[in-house]
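Please read these notes with the structure open beside them. They are written as numbered points, each on one topic.

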Amino acid sequence: MDTLIDLGGGFASALEPLSLIFALLGVLLGTVVGVLPGIGPISAIAILIPVSFGMEPVHGLILLCGIYYGSMYGGSITATLIKTPGEIASAVTAIEGYEMARRGRGKAALATAAIGSFLAGTLAIIGLTFLSPVLVKLANVFGSTEYFLLMATALLLASTMSSGSRAKALISIFIGLAVGLVGLDFQTGLPRQTFGMSLLSDGIDFTIFAMALFAIPEAIRNLALGRGAKDEIQSFGNDRWMTKQDWQRSSMPWARGSVLGFFIGILPGVGPSLASFMSYIMEKRISKRKDEFGKGAIEGVAGPEAANNAGVGGAMIPLFSLGIPGSATTALLLFVFTMYGLQPGPLIFRDDSGLIWTIIASMYIGNVALIILNLPLVGLFVKLLKMPKEILFSSILVLVGIGAYAIEFSLFGLMLLGIFGVIGYLMDKGEIPLAPSILALVLVPLLEDNFRRMLQISGGSFMPLLTRPVSLSIVILMVLGIVGPVIFRWWVRRRQLLADVSVG
Amino acid sequence: MKTLSPARRGDVITGIAVTLVGTVYYIATFWIQETRNIITPATFPAIVGVALIVLGLFLAGQALYRSRKLAEVAPGGAAPAGGGIDGTTSACVNAEHGATSVDDASADPASGDERTGAVIDAPEEPKSKQVVLQFALFFVYLGILIPVGFLLSTAAFLMTMTSIYAPHRWVRNLIFSVLFSVVIYIAFVYGLAVYLPVGILG
Amino acid sequence: MRSTAITGQGRATSARGRKRALRPALTVGAVLASLALVATGCGNKAQPPGEGGDYPTGPVTVSAPAEPGSGWDTTARALVEALQKEEIVSTPLPVKNQPGGTGCMWMTSMMQQEKGKDDQIAITSLASQTMKARGLCEFGPEDTTLIATMYVEDFMVVAPDDGDIKNVEGLVKALKEDPQKVTVAASGDDTLPFALFAKEAGIDPVDINFVNYEGGGEQTTAMLNGDAKVAIAGLSEFRSVLESGDIKPLLTFAKEPLAAPYDSVPTAADSGYDVTLGNWRGVYGPAEMPQEAVDYWAKALEEVSNSATWKDTVEKNQWAPEFLTGDDAQKYADEAAATVEEGVKETDLGTSK
């Protein structure tokens with residue numbers, strides 16, 4: 001009940017005209033920034049921080065938070081239309097979203113993403129409002145053992161992301177792991193796999209990796225086809241809004257994505273990116289139209305988009321209550337809080353409750369603003385695809401180049417982009433799926449660090465896997481998940497055999 | 001070996017390439033300093049290297065084995081079913097795009113009406129020479145971006161790319177190349193305070 | 001977005017790049033980003049070394065040797081914000097990011113390509129000294145034209161409130177009994193002062209069971225869920241959990257007792273363990289920077305360190321002011337370098353095979 005009163009107070013100040021304007025401005029800026037590859041919410045927030053310090057703390061925070069979720073949606077626009085994920089969380093959208101756009105379904109893809117983001121964002125904030133105190137305790141159950149198991153499970157599942165050869169999916173995963181291990185080892189600070197190049201000691205940025213793998217091969221292929229080739233992107237005239245069937249097919253993925261994304265988002269360090277990948281994997285697994293995945297299945301856009309926005313909401317829980325940022329962006333927000341004299345941590349709801357509730361209320365408003373702004377723009381964005389293809393694809397190459405420059409500021413970063421572009425092209429050519437390696441790159445630090453922490457803490461023993469209740473349950477689930485289907489299939493076959501025998 | 005279908009041959013090459021990458025990666029782990037930790041910094045990279053070697057060999061071996069089996073069954077070697085035991089889509093060089101036209105019609109019948117005339121033809125695979133050329137141009141662009149500066153190199157790159165494709169529309173290409181470079185430059189430098197290289201104009 | 005770890009906090013050398021993105025913003029510096037940039041337009045050309053008494057003649061680039069949003073970046077932007085808001089420097093001060101090799105790439109450039117120039121300054125910290133001590137970088141801040149040290153973030157050892165370890169004596173006792181059992185949550189080079197402390201207490205630093213975490217938040221969670229027994233990090237990392245009483249301070253490696261409310265926390269030196277080390281941040285110029293420019297910046301930085309804007313930033317982040325210029329700064333950096341070198345040797349982390 002207190003929560004409702006607090007939230008009411010928050011809404012009262014978040015609904016003031018000025019607050020509303022800043023919320024709108026924030027999501028608009030965020031969308032624009034999200035659209036530009038390589039320029040994520042981080043740069044936008046960093047640039048606006050001095051501006052925001054001139055404002056009331058409430059307005060400043062509303063503006064910056066608006067940028068954050070605006071950019072999450074902005075990233076999915078480029079992922080869908082030009083297969084250029086500006087942020088890791090939207091990498092998954094680049095798979096089905098782009099395939100939809102190629103088939104003249106760009107509007108429906110963007111619409112399902114926008115609506116899914118809105119619904120999931122709102123649900124996650126409701127969760128944040130009412131469940132925070134309970135969920136924070138979850139973090140204390142999740143030690144390194146549990147994290148390791150969770151990451152291992154995620155990677156196992158990643159091998160089912162793509163259709164086609166399982167061996168190739170595994171190759172993709174191990175390529176991602178291989179790239180992710182380059183750089184200074186986090187546990188000891190020693191350089192690894194840098195081939196003597198000190199520039200590699202910072203590791204390989206995953207935005208560069210994702211842009212290179214997805215955007216470059218596609219752009220080069222289209223450009224190389226040259227004149228006279230059939231236009232690849234079919235957006236002529238009859239690109240229509242979501243159909244009734246689209247709504248039906250999107251609704252459950254939205255719901256599942258929201259719940260999944262919210263809970264994964266709570267786990268610090270993984271956040272929205274893992275959420276969107278897991279949602280994709282789940283949708284593909286339970287879909288009756290498995291063969292459509294990879295060819296523009298709307299579920300593969302609706303679910304992950306909902307999940308990554310719900311993940312943003314979930315990530316606010318450890319941020320507010322434990323002071324643990326789940327991503328680089330939330331880390332920056334945390335810094336902003338500090339500069340406003342706010343102290344995220346166990347005491348924030350007690351000491352700064354007015355401000356924190358206003359921020360939470362502004363998130364509801366920001367979500368509404370996001371959908372009001374973006375649904376009408378969907379048609380406009382899709383028009384981009386009508387540009388002559390040589391112009392569209394050569395611009396994409398320039399944009400990813402700027403993106404890489406804005407991350408590394410060096411020739412080295414640009415060359416990395418080009419080299420991974422070639423690797424992506426070759427992988428594509430060898431029919432090795434690209435998405436699993438991106439997920440692997442995101443997960444490898446968490447996988448390895450937590451594995452090593454677990455053994456470091458236990459003195460080399462694997463017993464924690466079985467002695468800790470939560471990890472034991474994960475292990476049991478994993479075993480059931482792997483062995484279960486095998487046994488089931490065997491049982492079915494046996495029954496069939498028996499039936500045949502009895503008939504015969 | 002004559003009976004190797006293009007997809008199978010592709011798998012053999014892919015497998016060998018992956019094995020080579022894995023080998024190099026594994027050898028690189030020898031340079032990682034040993035520590036007294038239980039799991040050393042080299043453990044994971046070594047596992048990854050070995051896994052790549054094994055998977056590469058498996059892929060190549062599988063392709064060879066299957067094509068032999070196929071050759072026994074159908075001496076013509078035409079790979080009729082593509083052997084899709086593991087789901088590898090048949091002999092189409094680019095499964096993802098190749099399968100498009102076929103699946104599209106069946107995949108989403110209800111919305112089929114919306115896309116009249118929007119059936120995607122199986123895209124031609126670009127000629128390797130063209131791909132190499134495009135990549136080469138892209139690398140040149142990446143290479144000169146910093147020394148020459150964003151504005152000049154980008155305008156030149158865009159002009160080149162668009163002119164290869166549509167040489168007769170050089171006026172449009174020129175206007176686009178210059179305008180795009182300038183607009184992007186202004187947006188990034190003044191709007192986002194991301195300094196793009198000025199190069200020789202500086 | 002990856003960010004260089006260390007660079008991030010400017011302290012943990014052992015960061016694996018992107019992970020550390022989390023940490024920077026955490027505690028670190030102020031991202032009072034770059035209004036300045038807008039003002040500067042595109043004027044970031046190299047200026048010939050200034051002649052005459054009217055230095056600076058053109059824009060001076062302030063380099064953060066890491067990605068946007070990282071620790072060094074936020075420190076650079078906070079500093080520029082203060083310099084311009086207080087009208088101490090009127091020429092444009094564009095903040096540029098020069099990531100690479102945990103600051104090593106830019107430091108090397110400053111020693112070689114930018115040698116003798118006067119239109120470049122950059123941010124550095126203890127992390128760069130660790131890089132050098134580990135043999136990962138040819139140069140350290142002490143080799144450059146060090147202009148000033150700005151502030152220090154003091155290290156603190158903490159333990160969960162309901163844990164077995166109640167104070168320094170308890171910690172030493174537990175370590176002596178079975179160092180394997182006392183898991184120490186640390187981040188990158190934060191291990192160094194703890195290792196030196198262990199050595200002083202008569203425990204082989206190599207036996208200390210360090211477990212690396214990503215920052216105060218993760219370390220706290222690790223302590224609360226039992227994975228870690230104690231943790232060491234910059235004071236500000238633990239601020240909010242210290243206030244809520246979930247964890248308690250055991251020890252600090254500061255030179256002098258900390259400011260209230262942590263004034264009762266014993267310093268290592270007072271407790272009989274001769275270890276003093278803080279994560280300092282400073283400003284340096286290119287090798288052989290003209291004396292005029294060095295003097296100008298020493299004066300400008302001194303002014304800013306006394307300004308209200310900077311003091312506010314320092315206070316909000318719970319840093320400790322540590323302003324030194326000239327020989328004092330050099331001496332400070334040399335001493336820190338020696339301590340770091342010893343720590344690296346003790347923890348057996350050098351890279352020379």
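Predicted model: local features only at pLDDT ≥ 70, side-chain atom pairs only at ≥ 80, totals over all residues.

1. Residues are numbered from 1 along each chain as its sequence is written, and chains are lettered from A and ligands numbered from 1 in the order in which they are written.

2. Chain B has 7 helices and 0 strands, where helices (H or I, at least four residues) and strands (E, at least two) are DSSP runs numbered from the N terminus. Along the sequence the pattern reads α-α-α-α-α-α-α. Of the 202 residues in chain B, 34% are buried. Buried means that 20 or more other C-beta atoms lie within 10 Å of the residue's own; exposed means 12 or fewer, and partly exposed is in between, with C-beta atoms placed from the backbone.

3. Helix 5 (residues 128-148) and helix 6 (residues 150-165) of chain B have axes that come within 7 Å and cross at roughly 160 degrees. Axes are lines fitted to C-alpha atoms, for helices over the stretch in contact, and angles run from 0 to 180 degrees between N-to-C directions. The two helices of chain B are therefore roughly antiparallel to each other, a term for angles over 145 degrees. Residues making the contact include B:Leu137, B:Tyr141 and B:Ile144 of helix 5 and B:Phe150, B:Phe157 and B:Met161 of helix 6. Here contact means that the C-beta atoms of two residues, placed from the backbone, lie within 7 Å.

4. B:Arg9 is located in helix 1 (residues 6-28) of chain B. B:Arg9 counts as partly exposed because it has 15 C-beta neighbours inside 10 Å. B:Ser67 is 58 residues away along the chain, yet the C-alpha atoms of B:Arg9 and B:Ser67 are separated by 9.2 Å.

5. In chain C, strand 9 (residues 278-285) is mostly covered, with 8 of its 8 residues buried. Both of its faces are covered: C:Trp280 and C:Tyr284 are among the buried residues on one side, and C:Arg281 and C:Val283 are among those on the other.

6. C:Ile123 stands opposite C:Val283, and C:Glu153 has C:Asn279 as its bridge partner.

Notes
Pairing = 2+ DSSP bridges. Parallel < 35°, antiparallel > 145°, perpendicular 65-115°, else oblique.
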